[in-house]
Amino acid sequence: SINSQSDKLVISYFFPLKVFGYYSMVSVLAQIPVLVTVPLASFVFPILSKFAVKEQDKITFLSVFQKFSFLLNLVIIPLSIVVCFFSLELLLVWAKNAIEVNLYDDLSLLLVSLTIGSLFLAIQFPFYYVLLAKSRTKYTVYQGIVQISIGVPLLVLCAKYYGLKFVGIPWIIINCFAFFYLGYICIKKF
């Protein structure tokens, strides 16, 4: 919960309320890959759990994981690409053209960076649920602690020195590293 709210605390501290409102709108749009992933993952998790316990179900477990990952990537990668390529158009439709012209570039770049970070978060879900099904939650706890200890200072640094358009960079960094970390753990263990 700290990880999910720290960006809002930092943005509200460094930027005016109007910019915070724009950031909130952009962050909701950028969460589209995650919002699509959560119901899919909730559907697949009981199936993964069912096949996680018995050694003879190892092949079925792997098959479910592979199909889940493939389906997930098939849906969220193109969706993320669309959000990135049409970021300004999505913002203008959502805000009914009420965004100041001087903020177009900043908000568009912010939406792209937050969407890329959300894509990396969304493609972590299969690994996360594999670890959860196998009762190996300590890795995600470690991940969360590292993400907070690196992500929040990076976010403060970007907000303070580089402005609104670059506050999405820490989101990409922590979720990219988390994806590779969880992927490595799952491949190594299972």
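**Figure 1. Contacts across the sequence in the predicted model.** Of the contacts between residues at least 6 apart in sequence, 80% join residues at least 24 apart. The protein has nine helices and zero strands. Its C-alpha trace spans about 60 × 30 × 20 Å along the principal axes. Of the 190 residues, 43% count as buried. The accessible surface comes to about 10500 Å², and 72% of this surface belongs to carbon and sulfur atoms.

**Figure 2. The largest nonpolar core and the surroundings of Phe-61.** This core contains 28 residues, and Leu-48 and Phe-61 have the most contacts inside it. At least two core residues come from each of the helices α3 (32-52), α4 (58-85), α6 (104-122), α7 (125-133) and α9 (169-189). Beyond the residues up to four places away in sequence, Phe-61 touches Leu-48, Phe-51, Ala-52, Val-130, Ala-133 and Lys-134.

**Figure 3. Thr-140 in helix α8.** Thr-140 belongs to helix α8, which covers residues 138-161. Thr-140 counts as buried because its relative accessibility is 16%, and the cut-off for buried is under 20%. A polar atom of the Thr-140 side chain lies 2.8 Å from the backbone oxygen of Thr-137. When neighbours within four places in sequence are left aside, Thr-140 is in contact with Tyr-128, Leu-131 and Leu-182.

Terms used
Residues numbered from 1 in each chain as written. Predicted model: local features only at pLDDT ≥ 70, side-chain atom pairs only at ≥ 80, totals over all residues. Heavy atoms only, no water. Core = buried A, V, L, I, M, F, W, Y, C linked by side-chain atoms within 4.5 Å. Buried < 20%, exposed > 50% of the residue type's maximum accessible area, 1.4 Å probe, protein only. Helix = DSSP H or I, 4+ residues; strand = E, 2+ residues; numbered from the N terminus. Contact = heavy atoms within 4.5 Å. Polar contact = N/O pair within 3.5 Å; in protein donor to acceptor, adjacent residues only side chain to side chain. Areas by Shrake-Rupley, 256 points an atom, 1.4 Å probe, with all protein chains shown as cover.
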